[in-house]
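Please read the briefing below alongside the sequence and the coordinates.

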Amino acid sequence: MENILTIRHVSKTYTAAGRALSVLEDIDFSVRAGSTVAIVGPSGSGKTTLLGLSAGLDRCTTGSVELNGIVIDGLSEDERADIRNRYVGFIFQNFQLMPTLTALENVMVPLELRGEKHIRNRAKELMEKVGLADRLHHYPVELSGGEQQRVSLARAFSGQPRILFADEPTGNLDAETSAKIEELLFGLNREAGTTLIIVTHNAELAANTQRIIRLAGGRIIADETK
Amino acid sequence: MAWRDSRRNRSRLFLFISSVVLGIAALVATLSFGHNLRTAIDDQAKELVGADLMIGSSQPLSPAVQALPDSVANRKSEQCSFASMVYFVKSGSSRLVQVRALDGDYPFYGSFGTEPVRAEQSWRTGRQALVDKALMLQYGAQVGDSIRVGELSFAIAGALEKAPGSNEISTTVAPPVYIPLRWLEQAGLLKRGSRVNYQYYYRFIPAVNMDRLIAAISPRLGAAGVHYETVQSRKERMSRAFGDLTEFLTLISFIALLMGCIGVASAVHIYIREKIGGIAVLRCLGVKARQAFLIYLIQVAGMGLIGSIAGTVIGVGVQQVLPAVLKDLLPLQTGFMLSWTAIGEGIVTGMAVSILFALLPLLTIRKISPLYTLRLSVEPAAMIWDPLKILVYAAILLFVDVFAYFRMQSSSKAIVFTASLLGALLLLAGAAKLLMLVVRRLFPAKWSYLWRQGFANLYRPNNQTLILVVTIGLGTTFIGTLYFVQQLLIDKVKAAVGNNQGNMVLFDIQPDEVKGITALAKGEQLAVLEDLPVVTMRVTRMRGMTVEQAAVGRGRREGEGRGERGTAGDSGGQRDSLPRWIFENEVRVTYRDSLLATEKLTAGRLSPPVRSPQETVYIRVDEEYATRLHLVVGDSILFNVQGLPVATVIGGLVKADWRQLQTTFSIVFPGGVLEQAPQFHVLATRVPSTVVSARFQQSVVRAYPNVSVIDLELVLQVLEDILGKIGFVIRFMAAFSILTGVVVLIASVLISKYQRIQESVLLRTLGASRRQVLVITLLEYFFLGALAAATGIGLSLAFSQVLARVSFESSFAVHWWPVMVLFVSVCGLTILIGLYNSRGVLNKPPLEVLRREG
């Protein structure tokens, strides 16, 4: 199976108050297409930074990131945006829905950014899959946290991404809702054959993935495959 | 606690308050300018009159009247002023001017401003003239050149830069030309019926008690139909006139300040919503609702004080610009002096209104539950009828009313101002809301995502769209209404000078000159469209009342406390008095037996010509004139026709169409009465081009130097010039409202920047290109600007329409080009400001932006 993500000796340093602060150091791993991976670690270990670099949301200080066979370090911001739009999906802890759009319109956004036409039906199907067929025209503020995350899931899958990054997808939800979201997340992932990378504190959620990468102090301290 | 809590938000708090800075600046500037103007009037009143006393009349004064102040005067000057043509020999062109023939060394205080300076005295010695500087520039005349006034040539001794009591606008209408009085008779300009003002200037010995002198001589001056002006009366008249001007400007500034305050209320509302979490934590820790409220009230008050001080500093700067802005309207020099009263008033007003307006959102703090720390869904309960909020609304209205009262010194005017302002704001907000609703409903769902997203952004949570539409819209309404009304007036005059009507009027034509001038017109292929005889007379008795009886009636009415006027049909009260000017001013009447095409008889009947001296003379009176004086058909009027009493009765009332350019008279006699009275004629013709106009004027001026010519094209130019100058002053002040809207927009963009960045970063994360985010942002500001501009322009068109119908009795035709320019300018400005303040979001990687802004 081919690698969808390859991280080669990546480090990331920020400058704060005139001092260099190293967040990630010499991270090196690759992810096979269609697999599920959890990145876990204590707060400040660099999980979210690693997710941002992997998804092309930020640039690494040294090393390189290859996403879907493309080395993205040297690409312009617009070129990386294009890659994200074509191949990447996101799920966030705080849902990150556009407050000015309805649930259905939020799901349509990635496709509309591509300039695709006749996308309403596909978005509706996804909304049905996440159980929100009756909430199509509600604005995010009119939805509960669990419902917002389900819209977020539908949006993530609407662009048929090759890889999905989820940052603490159940972090803001109660146990019961979390379980439903997990079920949906893994179910849709299986169905679509997407690669799934989850950043989480939640051991139960991490346990559902095929591989767990543990970070501490900006380094990989363990890489366990089931 | 207020200090500590504000630590991370001070710059944002100041941003809220920045909305009021410009309003306070405008307020302090106008208040200080008003103060400086009053001081200037006090200091320069003597120079404005140029003498201690001026007495004047439209008739030469008898030696007895002239001698009234002589006993205490040590210097005296005499001046005859009248409209006449002046001919520039070098350029061969002529122009209607105000000739002032002066004898003596007036002005006794101050001086003529001339170039060269020596001309101020030298012109009095020979056959020389002082000519208005702008007029000289216009006709390319230079010192030493000749001008012809009447039958005499004068050498130009100097350019007149300023004359006592004149301002730019008054000299634009009739540029002054001074000549020595001793040449006037030889110039042959004064003929029978010529409209001349005779003025006598006196300088008194220092010990004269002016009040006592005026008390002693004014009854005799009044009896002789002579008006007078002292330094004190000029001071009072100017203080009143310019007091009105500065109060008007102050009220415009105050409106800009209130606009800013609405911006503050909106911004503080958002600030408090963002602070809900922190306030809830404080409440958990035991802070009482009142204490939490005070923490934020202190922050807002502190920033209000800083904003007021900043506004005051800017206002003092603007104050220095105002004299330059108003120079065309002012007949005096205003210096620069700090007015601590104005500064104090500005700071107190600024603080008071910012706190009052900020109180509205601050009051919600009292309702923030500590439970919010546990459940995010617990938001402060919005009470529709919160008694404290109602109290704050009432306090705001009261403050506005009290402020207006102190400016206008009239409680009824203050109430009208407050109610109008409230009405205008509600109207603006209502119109804006309606427009937003309509656009949202009609917005095509099939438009591309970028358009829909740009439009949808106007409705993001905590949006300030309505506030921005109202503030920017109000500025647009100001500017738009001003421009449209200006255009309306110009259109009205242009329509009056339509294709088939006269555009040149010749007056002061003696009866024996009519034939000759008609022949000159025919020589130029010009048709005489109108030839009217004009007879000058005075009213001696009206409705049986003389000037003394009219004054008694007026006094009795005032004593009875019945001040209001009614209509002509009202009984008693209104008809037992008449204004003094009816008897003091000359009346110019014409005579004819038929109605003009532009006249309509609305009461009474058209009387036939008078055949014998025994017949009753039935005159026709203009309906508006009759309404103003409560005259009805059957009322008697006794005229003094240059020494001869003529008794008349009102036989009919006539409504004239003033929109048509016609020499219109308030009183028209029938034929058979005035034919032998001293009179002059008015002729109207239509000249096809400026070349023919110049040629015809020259031939008339050469052959008949006493005849004056009004070129209506020139009048139109002068009108445009004057309206432009007045419009500039109002636009300058209205700009503060626009700028306040701009500041509220900048503050709003910056306040909501974090939210915008979150949205843009999310879009970038989902794969939106820089161009797509840019287009969405651009469209958002385009829609915002378009809504504001459309609201403002829509309202200004509506106001102009109402003004056209009610005030100008005219139809209003929209000029679409200025509308488009205004629309594009407002949209362009909004887009520019919006994009400039969002620029950081477009180029950087999403996470970097979040780190930097977070």
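Of the 854 residues of chain B, 42% count as buried, a residue being buried if 20 or more other C-beta atoms lie within 10 Å of its own, exposed if 12 or fewer, and partly exposed in between, with C-beta atoms placed from the backbone. This is a predicted model, in which local features need pLDDT of at least 70 and side-chain atom pairs count only at pLDDT 80 or more, whereas totals for chains, interfaces and linings use all residues. Residues are numbered from 1 along each chain as its sequence is written, while chains are lettered from A and ligands numbered from 1 in the order in which they are written.

**Chain B overall**

- Chain B has 26 helices and 20 strands, where helices (H or I, at least four residues) and strands (E, at least two) are DSSP runs numbered from the N terminus.
- Among the contacts in chain B with a separation of 6 or more, 87% join residues 24 or more positions apart, a contact meaning that two C-beta atoms, placed from the backbone, lie within 7 Å.
- Leu712(B) belongs to helix α21 (residues 712-751) of chain B and counts as buried because 22 C-beta neighbours lie inside 10 Å.
- Although Leu712(B) and Val505(B) are 207 residues apart in sequence, their C-alpha atoms are 7.6 Å apart in space.

**Packing of α11(B) and α12(B)**

- The axes of helix α11 (residues 340-362) and helix α12 (residues 387-408) of chain B come within 9 Å and cross at roughly 155°, the axes being lines fitted to C-alpha atoms, for helices over the stretch in contact, and the angles running from 0 to 180 degrees between N-to-C directions.
- The crossing angle makes α11(B) roughly antiparallel to α12(B), a label for angles over 145 degrees, whereas those under 35 count as roughly parallel, 65 to 115 as roughly perpendicular and the rest as oblique.
- Residues making this contact include Leu356(B) and Phe357(B) of α11(B) together with Ile396(B) and Phe399(B) of α12(B).
- The residues of the contact divide into eleven nonpolar, one polar and one charged, with Ala, Val, Leu, Ile, Met, Phe, Trp, Tyr, Cys and Pro counted as nonpolar, Asp, Glu, Lys and Arg as charged, and the others, Gly among them, as polar.

**Interface between the chains**

- In the interface, 21 residues of chain A are in contact with 20 residues of chain B.
- On the side of chain A that touches chain B, α2 (77-87) and α3 (103-114) each supply at least two residues, and the largest share, six residues, comes from α2(A).
- The residues on that side of chain A divide into ten nonpolar, four polar and seven charged.

**A sheet in chain A**

- An open sheet of six strands in chain A has the order β6-β7-β8-β3-β9-β10, with mixed pairing, two strands being paired if DSSP finds at least two bridges between them.
- β6 (88-91) and β10 (219-225) of chain A stand at the edges, each with a single partner strand, so one side of each is left without a neighbour in the sheet.
- β6(A) pairs with strand β7 (residues 163-167) of chain A in the parallel sense over four bridges, and Gly89(A) stands opposite Leu164(A) in β7(A).

**Backbone features**

- The peptide bond from Tyr106(B) to Pro107(B) is cis, with omega near 0°, and Pro107(B) lies in the loop between β3 (93-103) and β4 (113-115) of chain B.
- Phe95(A), which is not a glycine, has a positive phi of about 65° and lies in the loop between β6 and α3 of chain A.
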